[in-house]
Amino acid sequence: MADSLCILGIGDAKSRHFVRWAQRLAEQGHVVHIVSGRYNPRREGEHDGLVLHQLQEVDPLYRMPLARRYRMIPALKRIAKEVKPDLVHSHYLLPYGYWTARAGLGPLVVSPWGKDAIVDAWSSPEAEERARIGIAPDRALAYVVNSQALEDASVRLGAPREKFHRIFWHARIDNYSPEKADRSRWRELGWPDDAVVCLSLRNFRPYSNLDIVLKAFAAAHAQMPELRLFSTAGGGWTRDEFDALAKELGIEPYMAVRDVHRYEMPAVNASADFAVSLADVDSSPASLLETMASGVPVIAGRAPSLDEWIQSGHGGELVERHDVPAVTEAMLKLARDPQLRKTYGERNLAEVHARFGDPTAQLEQLYREVLAR
């Protein structure tokens with residue numbers, strides 16, 4: 001875009017994906033302000049080039065849970081008055097989209113998120129009511145989503161289907177490639193040269209079904225001792241249960257868990273023989289797209305949006321998420337057949353590049369169209 005925009009993003013600054021959206025635009029010379037009640041100070045340099053507005057600093061009373069719901073709208077209005085954005089982009093319906101809509105900010109673009117719109121919005125009548133406000137059908141000029149499943153859930157909440165745009169802004173596949181593979185990292189873990197490595201893509205959360213991954217891996221390893229499991233889980237709240245189950249199953253010597261820095265992820269992904277993701281809900285997860293861009297086959301749990309990318313016999317194996325024998329069978333099928341892994345991996349590489357496009361340019365084009373209205 002020839003002219004720099006001032007963009008106000010409202011969402012969870014602790015999320016790498018939300019920050020990634022902001023960074024894409026800042027890299028093109030736009031002035032990007034992000035408003036959030038959370039951020040992660042441990043990720044050094046993550047917010048470089050962005051203007052971060054922490055709600056706790058804008059209004060100290062925001063720190064008090066009982067006062068928070070009464071302070072959010074005045075705080076958002078105060079920030080918008082100060083920033084004078086050309087455009088406002090809310091991320092998540094609950095709570096940020098809800099409060100953005102209540103504050104009446106605009107011109108408005110809305111991005112519902114996967115679990116947000118597909119699951120959380122339907123968890124209670126109150127949540128549905130708030131999500132319908134957050135979808136802002138009368139105020140939103142456009143919606144940006146990353147899957148058909150997410151679009152369908154948002155339409156159920158009242159969003160007009162003609163306003164939707166499919167943009168994969170949450171993932172950055174440009175640095176992911178099969179050429180990044182470096183199997184020496186497995187030798188550094190003490191694993192044999194003939195190790196067949198399964199990469200687990202999900203964080204420590206109940207809906208990630210990591211217990212199923214561990215049980216299936218244990219059963220597959222019993223039949224194929226060269227199998228190894230590498231997990232990149234770096235967040236969540238079920239780590240203790242994960243570790244306890246791994247110990248109980250006796251598979252600790254054959255697996256490793258590392259919170260991998262984002263700069264290392266392309267090499268980790270490309271070095272795996274296949275990957276597994278069994279989350280109950282997601283919307284074209286970045287980890288899936290990045291793994292596909294690494295030329296790696298995937299075992300995917302049957303869930304909204306995942307079947308938009310992987311089908312059995314096309315890029316991997318699609319299984320029922322809680323079916324341990326089925327996941328075990330899929331692991332053994334891929335582990336035992338290098339040619340099949342190669343075929344699936346090549347398909348995934350071609351598929352993701354054919355559909356991905358240039359998300360930054362697509363966002364800029366969308367904003368240009370929105371502002372022209």
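A salt bridge is a side-chain nitrogen of Lys or Arg within 4 Å of a carboxyl oxygen of Asp or Glu. In this predicted model, Asp 243 and Arg 239 form such a pair, with their closest N and O atoms 2.9 Å apart. Both residues belong to helix α10, which spans residues 239-249, and they are separated by 4 residues, about one turn of the helix. An α-helix has 3.6 residues a turn, so residues three or four places apart point the same way. Asp 243 counts as partly exposed because its relative accessibility is 30%, and Arg 239 counts as partly exposed because its value is 35%.

By the rule given above, the count of salt bridges comes to 19.

Helix α7 covers residues 148-156, and its buried residues are Ala 149, Leu 150, Glu 151, Ala 153 and Ser 154. Just after α7 comes Gly 158, which takes a positive phi of about 115 degrees.

Which residues does the side chain of Glu 151 meet in salt bridges? One partner is Arg 161, with a distance of 3.0 Å from N to O. This pair links distant parts of the chain, since Glu 151 lies in helix α7 and Arg 161 in the loop between α7 and β7, 10 residues apart. Arg 161 has a relative accessibility of 40% and therefore counts as partly exposed.

Another partner is Arg 166, whose side chain meets that of Glu 151 in a salt bridge of 3.3 Å, again given from N to O. Here too the pair links distant parts of the chain: Glu 151 is in helix α7, Arg 166 is in strand β7, and 15 residues separate them. Arg 166 counts as partly exposed because its relative accessibility is 33%.

Terms used:
Residues numbered from 1 in each chain as written. Predicted model: local features only at pLDDT ≥ 70, side-chain atom pairs only at ≥ 80, totals over all residues. Heavy atoms only, no water. Buried < 20%, exposed > 50% of the residue type's maximum accessible area, 1.4 Å probe, protein only. Helix = DSSP H or I, 4+ residues; strand = E, 2+ residues; numbered from the N terminus.
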